[in-house]
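Subject: Structure for you to look through

Hello,

Here is the structure I promised you. Please open it, keep it beside this email and follow along.

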Amino acid sequence: MTLELSHLTRRFTDYPALDDVSLDIPPGEFLALLGPSGSGKTTLLRILAGLDYPESGSVRREGRDLLAIDARRRKVGLVFQHYALFRHLTVAENVAFGLRVRPWRARPKRADISARVERLLQRVQLQDMAKRYPAQLSGGQRQRVALARALAVEPDLLLLDEPFGALDAQVRVSLRRWLRELHDEFGLTTVFVTHDQEEALELADRVAVMNHGRIEQVGTPEAIYHDPATPFVCEFVGKVNRIAARCEGGKLVAGGLVLGADPWGGRHDTAIGYIRPEQLVVAAPDQGDGWSVRVRHAFRAGGMVHLGLDAAALGQVLEMDIFGGERAHDAWQQGACLRVRPRHVTVFPDEIEPTVAQTPEPRTVASATRPMAIGP
Amino acid sequence: MNAIVLPRASTGPRRLQRASLILVAVAFMLVFLLLPLAVVFTEALAKGVQTFIAAITQPEAWSSIRLTLLVAALVVPLNTVFGVVAAWAMARFTFRGKALLGALIDLPFAVSPVIAGLIYVLLFGAQGWFGPWLDAHGIRIIFAVPGLVLASMFVTLPFVARELIPLMQAQGSEDEQAARVLGANGWQMFFRVTLPNIRWALLYGVLLCNARAMGEFGAVSVVSGHIRGLTTTMPLEVEMRYNEYDYAGAFAVASLLALLALLTLAIKTLLEWRYGAELAARAPGGH
């Protein structure tokens with residue numbers, strides 16, 4: 001039942017929405033399509049739903065061409081960003097819609113339909129709302145109706161377009177955990193589109209990061225976060241410090257600090273290093289290496305302290321996150337001087353700008369930019 | 001005491017404003033809408049109920065009523081179908097000449113109805129482009145019922161489409177896409193999702209279209225030929241009786257025409273009242 005997307009290309013009049021996208025989605029996977037707006041993620045979702053078609057490329061499921069199947073026969077459940085509930089139908093009628101429009105032979109009996117609707121509404125905790133109209137529900141309730149409606153037709157594939165985009169922050173967090181449970185319980189294959197990296201990293205088995213119609217990296221949330229494949233992924237996913245480095249005599253140096261050995265054997269003169277805020281540590285006084293910094297500001301948020309550090313050697317501000325309980329708070333007052341060093345740096349040769357994904361040969365570039373982790 | 005008086009003093013001018021605005025609106029309605037309507041009915045009954053009944057039971061009166069209803073019965077469904085199709089095309093697709101289609105839909109509003117009638121005379125009249133051919137095949141359009149239907153269709157063409165286009169554009173096509181993904185075929189999608197979403201605007205458009213189809217004078221007058229008992233609709237019958245100094249008869253038929261209009265309004269109000277609660281419950285539910 002693996003869904004094989006290969007070489008999908010979709011061009012809108014002025015820009016490519018999808019540019020040679022290939023991806024395999026194994027059954028039971030919870031996959032996130034993560035990217036900024038205009039990166040092509042929604043187009044990809046609409047192609048899977050049968051609401052849009054690529055100019056070239058194919059989508060196969062069990063060897064069959066999915067694109068040749070009309071949207072209404074695809075057995076796909078789709079939840080729209082704004083839910084698209086039928087406003088003239090009650091909650092129960094909305095959920096029953098997909099069953100009632102079936103051809104006479106395939107249509108379940110009236111009693112079976114209402115039994116299934118009732119079960120689904122119970123599962124989404126809306127059994128008391130069956131007779132209400134969508135306008136009488138809250139955003140979170142509408143989203144659950146849309147989900148129940150999509151699940152009623154027993155889809156092979158569940159597609160969600162920004163499923164939490166229109167909800168307030170609190171409802172969002174509880175709903176996404178709940179959605180993950182639902183996915184596991186129904187044994188679904190789920191693809192969801194989001195621009196919220198936190199959501200993607202928390203929910204998904206795998207994340208596909210998209211930019212300018214291309215998939216920059218596919219991998220587990222850990223891989224995406226800790227081993228980003230491209231500068232774009234680095235900058236889009238999570239907070240990150242970007243520093244300039246030079247390759248000198250077989251070593252990689254930034255602001256006077258040796259980061260490690262030159263991974264490219266002298267082929268590049270300059271490099272870009274990425275350091276996550278939590279990968280910066282205070283250097284012990286007896287160890288000489290590190291950047292001298294001054295604390296520009298310190299914000300305490302619960303157990304964490306977010307520091308802004310003026311690093312004169314680098315000529316920039318570094319963001320640093322540190323657990324508040326570990327050491328004396330006094331060291332992190334505004335104006336305090338510290339020595340910090342990175343525990344882990346991801347480096348790329350400088351030629352590639354983070355947002356430039358349309359380099360002529362993406363594959364060779366991807367191998368050339370193979371990130372190099374430097375750490376203790 | 002002052003504490004009570006002061007706020008009153010401040011609301012005084014505002015109350016005056018409100019009262020005068022309402023007064024102006026009501027006075028305007030009275031003079032320009034209700035008064036003429038009242039005059040129609042009083043004039044119709046001025047010479048007694050007997051004369052009124054005699055005037056409307058003449059065969060010519062009956063035939064004009066039948067013809068008016070026939071024209072409306074043909075024109076309204078045709079323009080309803082056209083209006084829905086045109087609105088669908090305008091709201092759901094982008095295509096070359098879309099702006100032109102939009103302008104064409106508005107054309108009957110811009111062009112004088114007399115010109116609309118003349119166009120059909122020029123096309124289908126005895127001296128018109130297709131006149132000789134039609135004559136040879138024994139088909140009569142001008143000075144016959146088909147001409148009346150065509151002219152009425154031209155005049156009432158925009159009503160349904162113009163009501164629907166802005167609504168359908170605002171609603172977007174997500175509901176329809178959702179229906180398709182859920183397995184609905186084209187007809188199911190239209191009748192179960194699209195039509196319910198537009199039904200109030202559609203009803204309003206149909207009622208406007210109907211009112212105009214029954215009341216149209218200019219375009220119909222040109223193509224009718226005023227053949228008593230055959231091609232005179234009610235507005236034409238009113239005019240002919242008026243020109244013949246048959247005031248009582250003219251007002252009698254006019255009062256019937258006004259009654260038809262009032263009936264249309266009553267149906268609309270009744271439906272709104274019947275489904276008012278439902279409307280209120282659903283209206284805020286954008287999507």
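First, a term you will need: two strands pair if DSSP finds at least two bridges between them. Keep in mind too that this is a predicted model.

Now use that term on chain A. Which residue of β8(A) is the bridge partner of Leu33(A)? The partner is Val193(A). Strand β3 of chain A covers residues 30-34, and strand β8 of chain A covers residues 189-194. Five bridges join these two strands, and they run parallel.

Next, zoom out to the sheet. Strands β3 and β8 of chain A are two of the six strands in an open sheet. The order is β6-β7-β8-β3-β9-β10, and the pairing is mixed. At the edges sit β6 and β10 (214-219) of chain A, each pairing on one side only. From one strand to the next, the twist averages 15 degrees.

The whole of chain A holds nine helices and 21 strands. The chain has 376 residues, and 40% of them count as buried. Look also at its contacts between residues at least 6 apart in sequence. Of these, 65% join residues at least 24 apart.

Then there is the core. The largest nonpolar core has 103 residues. Leu33(A) turns up again here, among the residues with the most contacts inside this core. So do Ala32(A), Val95(A) and Ala148(A), to name three others. Helix α4 of chain A (residues 139-152) gives the largest share, seven residues. What does Val95(A) touch, leaving out residues up to four places away in sequence? The list is Val117(A), Leu120(A), Leu121(A), Val145(A), Ala148(A), Arg149(A) and Ala152(A). A second, separate core has 41 residues, including Phe159(B) and Cys209(B).

Ile275(A) is in strand β14 of chain A, residues 270-275. Is Ile275(A) buried or exposed? Ile275(A) has 25 C-beta neighbours inside 10 Å, so it counts as buried. Residues that Ile275(A) touches include Val240(A), Ile243(A), Leu280(A) and Pro342(A). Ile243(A) is 32 residues away along the chain, yet the two C-alpha atoms are separated by 7.9 Å.

Two residues deserve a look for their backbone angles. Most residues other than glycine have a negative phi. Gln125(A) is not a glycine, but has a positive phi of about 60 degrees. Gln125(A) is in the loop between α3 (110-123) and α4 of chain A. Gln125(A) counts as exposed because it has 12 C-beta neighbours inside 10 Å, and the cut-off for exposed is 12 or fewer. Tyr245(B) also has a positive phi of about 60 degrees without being a glycine. Find Tyr245(B) in the loop between α12 (234-243) and α13 (247-274) of chain B. Tyr245(B) is exposed, because 8 other C-beta atoms lie within 10 Å.

Last, see where the chains meet. The contact takes 24 residues from chain A and 19 residues from chain B. On the side of chain A that touches chain B, two elements give two or more residues: β6 (76-79) and α2 (91-100). By class, that side of chain A has 16 nonpolar, five polar and three charged residues. Note that β6 of chain A is also an edge strand of the sheet.

Best wishes

Key. Residues numbered from 1 in each chain as written. Chains lettered and ligands numbered in written order. Predicted model: local features only at pLDDT ≥ 70, side-chain atom pairs only at ≥ 80, totals over all residues. Contact = placed C-beta atoms within 7 Å. Helix = DSSP H or I, 4+ residues; strand = E, 2+ residues; numbered from the N terminus. Nonpolar A, V, L, I, M, F, W, Y, C, P; charged D, E, K, R; others polar. Axes fitted to C-alpha atoms, helices over the stretch in contact; angles between N-to-C directions. Core = buried A, V, L, I, M, F, W, Y, C linked by C-beta atoms within 7 Å. Buried ≥ 20, exposed ≤ 12 C-beta atoms within 10 Å, placed from the backbone.
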